[in-house]
Amino acid sequence: MALLDVQNLFIRIGRPGSTIDVVRGISFSVGSGEIVGILGESGCGKSLTAFSVLGLLPQGLNAAGEIKFDGRDLLSLDERDLCTLRGNRIGMIFQEPATALNPVQTVGDQIAEPLRLHAGMGKREARAEALRLLERIRLPNPRGALDVYPHQMSGGQRQRVVIAMALACRPSLLIADEPTTALDTTVQRQILDLLLDLVDETKSGLLLITHDIGVMAEMTERVLVMYGGVIVESGPTEKIITDPAHPYTRALLRAVPQRALGSDTWLESIPGTVPAPSERLQGCLFRTRCSLAGPECEIQPALLPRGPDRVAACWRLPQIEASAPA
Amino acid sequence: MTTIAEPPAEVVRRIRLFRYPGLTVGGVIVTTVIGATLLSLVWTPYSPLAMNMRQRFRGPSLEHVFGTDQFGRDVLSLLMAGAQNSLTVGIVAVAIGLVVGTALGLFAAARRGWVDEAVMRVCDFLFAFPAVLSAVMLAAALGPGTGNAMLAIGLYNIPIFARIARGAAKGVWVREFIYAARTAGKGAIRISLEHVLPNILNIIVVQATISFATAILAEAALSYLGLGTQPPAPSWGRMLHESQVFLSRAPYLSIFPGLVIVLTVLGLNLLGDGMRDALDPRHAQGR
Amino acid sequence: MTDAPVLELDDLVLDYPLKRESLFAAPRSLRAVDGVSFAIPRGRALGLVGESGCGKTSVAKTVMGLEQPTAGHIRILGRDIAAMPRGELLGFRRHFQMVFQDPYGSLDPRHTIGRIVAEPMRTSMAKARKPVGDALEAVGLSAGDAKKYPHQFSGGQRQRIAIARALVTRPELVVADEPVSALDLSVQAQVLNLLRELRETLGLTYLFISHDLAVVEYVCEDIVVMFAGRIVERGATRTVLSAPAHPYTVALREAMPRIDRAGGRRRRASRTDDKSDATADRAVGCPYRPRCARAIERCATETPKLRPLANNQEVACHVV
């Protein structure tokens with residue numbers, strides 16, 4: 001059984017008189033020791049999906065469907081049970097290490113806090129464990145770092161501390177929301193390597209949310225591509241990168257600047273802009289920007305299997321498959 | 001699959017009308033108060049200064065809607081006439097504080113460095129004097145009266161506005177559109193007026209409504225000390241203060257001036273909030 | 001004047017003053033740019049890359065006159081802008097314009113698009129109407145958009161507006177600071193293509209700042225790599241990216257997450273060290289030394305100077 005199993009998840013903004021579904025019926029799973037990516041642009045619902053797993057949706061947003069973690073349905077848990085899961089069985093790594101840490105508390109105290117709270121450790125024991133964690137995330141001079149405040153560290157070091165906090169109670173699932181977006185390229189590389197090592201060592205699952213195709217390609221085994229609140233395509237990362245099926249994924253991969261490296265070719269840009277949740281139409285949301293769109297696209301296509309381990313939601317799949325691969 | 005159906009045009013029009021309920025309600029209240037004040041210049045139910053010892057402490061009745069006070073004066077007439085005083089004090093005191101304070105705050109934020117430090121230290125110095133104390137000093141120098149009370153309260157408002165304007169302006173100065181304006185060769189004064197001021201106006205408008213309320217109350221306190229409006233000229237603050245003595249005997253004497261002050265302040269607050277929203281292009285035009 | 005480079009930096013130094021520790025302490029400062037020289041001939045695009053804090057944005061700000069250089073010269077179309085009288089500089093500014101990183105922050109939310117785009121022209125709205133309309137159309141928007149406000153546009157459209165503002169005075173030089181890094185991927189390519197097209201049709205010269213090597217290669221034929229305020233390597237973009245000489249450029253290229261490395265989890269060839277963001281704080285020696293696997297003794301005692309390699313490539317390193 002998968003560690004995390006999400007079935008038919010809807011996330012809804014309720015306003016009196018009108019509701020908007022920002023996430024519309026997505027299903028996916030993450031197994032132990034597996035790295036699954038959610039790829040998408042701003043407003044596609046990828047971060048909200050992560051927040052809903054943690055029960056951290058902002059006020060006014062509601063999740064419906066089923067989120068099973070270790071066999072328990074998270075959506076039916078009350079706040080207290082969720083609190084014990086959060087930071088204990090599920091660790092969260094946020095995008096902005098500068099704001100994820102408390103500026104007036106030393107790094108050591110911040111890592112020790114969940115240990116004392118969830119694992120019931122004493123003060124000394126928690127400090128020793130914090131030191132062990134700082135060593136594990138390969139922070140230079142871990143002993144000195146215990147008594148340092150976050151602002152005295154660099155961005156990369158802070159993100160390491162955030163990861164140490166997420167790891168503190170040996171979670172079986174890690175959720176990382178754009179963990180390297182705020183970091184420099186060389187530091188990003190180190191953090192990504194660290195995450196890979198940790199997954200290998202601890203056999204915990206990792207749900208990695210990113211808008212960076214390169215990060216997604218290198219890190220994940222399976223990927224869900226989201227557009228406008230739905231999964232348009234999912235499957236093994238390598239197959240999706242080399243042979244994308246959905247017109248959106250195909251267009252995205254043709255628009256990546258890396259594609260033009262070492263040549264004079266022009267990138268094929270995607271016309272139009274990402275639709276805001278409030279201006280979403282019925283049917284396939286990508287159809288306004290899609291070169292293949294036809295009248296049938298006004299009906300939402302279902303995710304249909306494409307080969308043994310992949311699915312894609314597009315009426316034009318037969319045509320795409322008939323033509324040469326992208 | 002949800003779609004957001006376009007609401008019919010009639011509904012849209014109705015929503016537009018009530019898009020700023022605060023603005024509407026606040027506008028009605030403020031207009032009523034100003035209307036009553038203007039009316040008092042030419043007409044009040046009774047002469048606000050006419051005493052009638054046989055009619056003392058009459059409760060609200062058809063004859064005297066808000067009752068009469070310890071000298072038998074008609075409270076409604078007093079309130080209408082007192083509005084002239086209180087509104088003038090509020091407007092002038094806020095205007096002094098707003099104009100001078102905002103200018104100082106904008107200046108400090110634009111110049112940064114030691115100029116900023118100096119301006120803010122002077123403001124701290126001004127801030128350290130309670131309004132009453134500076135009014136006492138001014139009164140000692142210039143003599144008591146409504147004018148000096150307004151000046152004193154205005155002076156007290158300057159550092160408040162200066163601080164708020166400076167804090168908000170500093171936040172605007174680090175935004176990229178300021179860099180864009182600077183690369184266009186605009187100077188600090190033009191940037192302050194064209195870019196910074198419009199972006200901090202909402203905060204200042206809200207502060208103005210708050211300061212207006214405190215100005216009316218401060219004037220009351222000064223009048224109480226004999227430094228503000230001189231008797232027998234009526235003012236809301238003085239009425240509130242003088243009625244305290246008769247609180248158990250004639251509670252309505254406190255209730256009505258208090259209610260009028262609260263309503264006026266509430267109206268101004270609503271108006272200020274509504275104006276803030278209406279001034280913001282993000283609210284003014286739908287998406 | 002025509003054969004002078006459009007932009008020329010000559011040994012540019014920029015210090016930022018730091019807060020004094022106490023009233024009596026000596027004034028301290030931080031050297032953000034440390035002796036940077038380069039020139040961009042007319043019609044070429046130069047990419048400036050490096051990590052945050054390496055001084056690339058400071059260079060852009062100094063070029064735009066937002067910071068006063070501590071030492072050195074900036075010449076635009078052969079004219080030293082620091083030495084130019086204020087009144088003359090006002091008029092001269094129309095020759096160089098800037099596109100900022102954040103399309104949400106760089107447009108004043110309280111001004112109409114028309115007013116925003118007209119800003120660099122310093123003229124009446126009536127006189128600006130025609131050029132503003134032209135500029136908006138040049139970036140793929142319509143002249144009618146001038147009446148709208150920024151919040152009515154998406155991120156990509158806002159960046160087009162910011163580009164229109166930079167084009168309205170028909171400048172020779174456009175400085176772009178990370179113009180696509182805040183944009184959605186599906187919109188990035190639109191804006192990059194627009195920048196490429198405009199350069200061809202209008203003969204613009206670009207100083208293009210980015211942390212993304214692929215983006216720089218797409219737009220610029222020349223590249224300058226900065227580290228800790230200094231130039232560590234420069235040359236033709238394609239040469240430098242295919243055969244980087246400086247250890248930092250090598251690390252930068254290797255660190256780029258690549259789509260062609262897809263294949264489940266990347267197998268890591270070498271364990272990265274953790275001197276991640278260290279820079280040497282001493283004024284002597286190579287600033288990259290603490291992070292460099294190839295550092296030798298000489299790197300600690302002598303600051304490497306730029307020296308030429310083949311193919312017009314230059315590198316500041318003792319080892320390679």
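Predicted model: local features only at pLDDT ≥ 70, side-chain atom pairs only at ≥ 80, totals over all residues.

Author: Two residues are taken to be in contact when their C-beta atoms, placed from the backbone, lie within 7 Å. Applied to chains B and C, the contact criterion picks out 17 residues of chain B that touch 21 residues of chain C. On the chain B side, at least two residues each come from helix H7 (176-183), helix H8 (188-224) and helix H11 (281-284) of chain B. The largest share of that side belongs to H7(B), which supplies 7 residues. Sorted by class, the residues with which chain B touches chain C comprise 7 nonpolar, 5 polar and 5 charged ones.

Turning to the contact between chain C and chain A, one finds 41 residues of chain C and 42 residues of chain A taking part. The elements of chain C that give two or more residues to its side of this contact are helix H5 (155-167), helix H6 (185-202), helix H7 (213-219), helix H8 (237-242) and helix H9 (247-255). Of these, H6(C) gives the most to the side that touches chain A, namely 8 residues. The make-up of that side of chain C, taken by class, is 14 nonpolar, 14 polar and 13 charged residues.

With both contacts described, the chain itself can be considered as a whole. Chain C contains 10 helices and 12 strands. Its radius of gyration is 21 Å, close to the 20 Å that the globule rule gives for 320 residues, so chain C is as compact as a globular protein of that length. Taken along the principal axes, the box filled by the C-alpha atoms of chain C is roughly 65 × 60 × 45 Å. As for how the residues are covered, 49% of the 320 residues of chain C count as buried, where a residue is called buried if 20 or more other C-beta atoms lie within 10 Å of its own. The contacts inside the chain can also be sorted by their separation along the sequence: among those in chain C that join residues at least 6 apart, 63% are between residues at least 24 apart.

Technical notes
Residues numbered from 1 in each chain as written. Chains lettered and ligands numbered in written order. Helix = DSSP H or I, 4+ residues; strand = E, 2+ residues; numbered from the N terminus. Nonpolar A, V, L, I, M, F, W, Y, C, P; charged D, E, K, R; others polar. Rg over C-alpha atoms; globule rule 2.2 N^0.38 Å. Buried ≥ 20, exposed ≤ 12 C-beta atoms within 10 Å, placed from the backbone.
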